[in-house]
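Hello,

Here is the structure I promised to pass on to you. Please open it next to this email and follow along as you read.

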Amino acid sequence: MSLSDAIFFAALVTIVCAIGIAEKIIDVDMDQFLPENLKKAKIKRIFVERNTPLQGTNVQKEIKKAFESVLLPLGKADKNLLPKRMDMTFRRKMDHQINLLRKRKLCRDIRLTDVMPLPKNNFKRWNDDGREWRESILQCSSLERLVSPKSGKVVHQIYRKGSYLRILQSRHIRHSDRQGKNKEFYSDKLMITCPSCGADVGRILRTFKIKKNVEVTDNGKIII
């Protein structure tokens with residue numbers, strides 16, 4: 001065997017060993033190279049005509065309503081579309097952002113595709129000494145655009161192949177309405193008035209305030 005052949009086989013063995021080691025260390029998702037997962041295909045799905053941002057997805061109704069209550073006002077730059085029950089601090093932030101959009105005659109259009117609700121298409125729920133919380137996360141691909149509503153001209157846009165949208169909501173429950181140390185709130189009570197909004201318990205059990213903004217994330221965070 002000549003020197004050149006020996007060098008060739010040594011290089012070949014080195015490459016094979018390096019590939020084997022890399023497969024053990026690096027988890028490569030080959031699905032990303034499939035035609036339907038390429039950027040062109042995802043952008044095409046993003047621009048499918050929808051009446052609401054999450055129309056046609058498998059997201060459950062309550063989660064869809066929670067996210068769209070934030071996405072729709074931004075997409076239309078219309079404060080009248082904001083839900084009535086909303087944390088005051090977050091409402092001020094939303095009002096300020098919508099005012100800036102209207103001043104610049106723009107809308108913040110956030111389009112989604114390949115939406116996967118986490119965990120298991122349901123809210124994660126917990127109590128925190130007088131407040132009940134729920135959280136939902138959507139894994140998706142997103143296109144965020146600043147658009148002129150009159151001309152349709154796109155001023156700026158960002159495409160994210162791997163995005164996460166998160167919404168956090170809470171409702172107030174009075175400590176005096178808690179029965180026992182480890183029991184549920186409102187147990188064995190028929191009529192209770194919420195101290196924050198004056199609603200009866202039937203409304204409270206169905207309605208959450210938006211406590212924290214939706215976030216579009218791609219390692220870093222872009223806060224809505």
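Predicted model: local features only at pLDDT ≥ 70, side-chain atom pairs only at ≥ 80, totals over all residues.

Let me begin with a term: contact means heavy atoms within 4.5 Å. With that in hand, look at Leu-112, which touches Ile-46, Arg-50, Leu-54, Leu-71, Cys-140, Ser-141, Ser-142 and Leu-165, leaving out residues up to four places away in sequence.

Residues are numbered from 1 along each chain as its sequence is written, and side-chain values use heavy atoms, with hydrogens and water left out.

**The overall layout**

The chain has five helices and six strands; these are DSSP runs, numbered from the N terminus, with at least four residues (H or I) for a helix and at least two (E) for a strand. Starting at the N terminus, the order is α-α-α-α-β-β-β-β-α-β-β. Of the 224 residues, 35% count as buried, where buried means under 20% relative accessible area, exposed over 50%, and partly exposed in between (1.4 Å probe, protein chains only). Among contacts with a separation of 6 or more, 65% join residues 24 or more positions apart.

**The core**

A nonpolar core is a set of buried Ala, Val, Leu, Ile, Met, Phe, Trp, Tyr and Cys residues joined through side-chain atoms within 4.5 Å. The largest one here has 25 residues, and Phe-67, Met-94, Leu-112, Val-115, Leu-138 and Leu-165 have the most contacts inside it. Two or more residues come from each of helix H3 (61-76), helix H4 (88-103), strand E1 (107-118), strand E3 (131-147) and strand E4 (154-172). H3 gives the most, with six residues.

Take Leu-165 as an example: you will find it in strand E4. Leu-165 counts as buried because its relative accessible area is 0%. Its C-alpha atom is 9.8 Å from that of Val-115, 50 residues apart along the chain.

Ser-136 sits in strand E3 and is buried too, at 1% relative accessible area. Beyond its neighbours within four places in sequence, Ser-136 is in contact with several residues, including Phe-67, Leu-118 and Leu-165.

**A residue on the outside**

Is Pro-149 buried or exposed? Its relative accessibility is 53%, so Pro-149 counts as exposed. Pro-149 lies in the loop between E3 and E4 and touches Lys-105, Leu-106 and Cys-107, again not counting residues up to four places away in sequence.

**The largest pocket**

A pocket is found on a 1 Å grid over the protein atoms alone, as an open set of points with protein on both sides within 12 Å along at least five of seven lines; lining residues have an atom within 4 Å of a point. The largest pocket holds about 460 Å³ of space, a volume being the space filled by probe spheres set on the points, which are joined across faces, edges and corners. It has 22 lining residues, and the closest to its centre are Arg-50, Gly-75, Lys-76, Asp-109 and Arg-111. E1 gives the most to this lining, with six residues.

**Cysteines**

How many disulfides are there? The count is zero, using a pair of cysteine sulfur atoms within 2.5 Å as the rule. Cys-107 is buried, at 9% relative accessible area, and Cys-140 is buried at 3%.

Enjoy exploring!

Terms used: 1 Å grid on protein atoms, 1.4 Å probe; cavity = no way out; pocket = protein on both sides within 12 Å on 5 of 7 lines; lining within 4 Å.
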